[in-house]
Amino acid sequence: MKEPPFVVASRNPNGAISVATLPRTDTIEGIRIPRADVTIEIDEHSIPIGIFGDYRSLILKFAKSVRGASVIAQDLAGDHAIVITENVTMHDHEIVISGELIDRVGRMAGRPGDKSTPGLVLLVDVPD
């Protein structure tokens with residue numbers, strides 16, 4: 001079995017959350033970010049969530065229900081947000097985002113040949 005990626009998550013002073021998968025290095029495969037299912041717990045919604053790196057899936061577990069939420073995302077290199085609600089799987093207290101969706105949105109503003117990992121900001125807007 002291959003080693004999992006290094007995963008880091010933090011809460012920034014302004015309340016925003018960041019989660020990133022970081023590369024592993026070895027003498028056989030070199031530098032790589034193994035894709036994995038990553039879960040983070042978030043105590044509130046309606047705060048920005050920065051997502052960096054490669055994933056098989058990212059599961060956001062919320063303390064409160066996200067039923068009826070709208071999910072909006074934007075490539076960090078871009079200036080245009082899109083609604084991705086229909087592209088995620090939503091349960092009562094969690095949102096599952098596929099690695100393919102993170103790749104697509106997190107590279108939308110990239111130039112041809114750009115080999116950087118995806119980076120995006122996500123907002124979960126829950127109606128009152």
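What follows is a short chat about the core and the strand pairing of a predicted model.

Biologist: Which residues have the most contacts inside the largest nonpolar core?

Modeller: In this predicted model, the largest nonpolar core has 28 residues, and those with the most contacts inside it are Ile51, Leu60, Ile84, Ile97 and Leu122. Among the elements that each supply at least two residues of this core are strand S2 (17-22), strand S6 (49-52), strand S7 (57-62), strand S11 (94-98), helix H1 (99-106) and strand S12 (119-125).

Biologist: OK, on to S6: do S6 and S12 pair in the parallel or antiparallel sense?

Modeller: S6 and S12 are antiparallel, with 4 bridges between them, and isoleucine 49 has leucine 122 in S12 as its bridge partner. S2 and S6, by contrast, run parallel and are also joined by 4 bridges, with serine 18 standing opposite glycine 50 in S6.

Biologist: In what order do the strands of the open sheet come?

Modeller: The open sheet has 4 strands in the order S5-S7-S11-S10, with mixed pairing, and its edge strands are S5 and strand S10 (89-90), each of which pairs on one side only. Within that sheet S7 and S11 are antiparallel over 5 bridges, where leucine 58 has isoleucine 97 in S11 as its bridge partner, and H1 lies across S7 and S11 at about 70° to S11.

Biologist: Changing topic, how many aromatic pairs are there in the whole structure?

Modeller: The search finds 0 aromatic pairs, although arginine 24 does lie over the face of phenylalanine 6, at 4.2 Å from the ring centre.

Note on methods
Residues numbered from 1 in each chain as written. Predicted model: local features only at pLDDT ≥ 70, side-chain atom pairs only at ≥ 80, totals over all residues. Heavy atoms only, no water. Core = buried A, V, L, I, M, F, W, Y, C linked by side-chain atoms within 4.5 Å. Buried < 20%, exposed > 50% of the residue type's maximum accessible area, 1.4 Å probe, protein only. Pairing = 2+ DSSP bridges. Phe/Tyr/Trp six-rings, centres within 6.5 Å; stacked < 30°, edge-to-face > 60°. Lys NZ or Arg CZ within 6 Å of the ring centre and 35° of its normal. Contact = heavy atoms within 4.5 Å. Axes fitted to C-alpha atoms, helices over the stretch in contact; angles between N-to-C directions.
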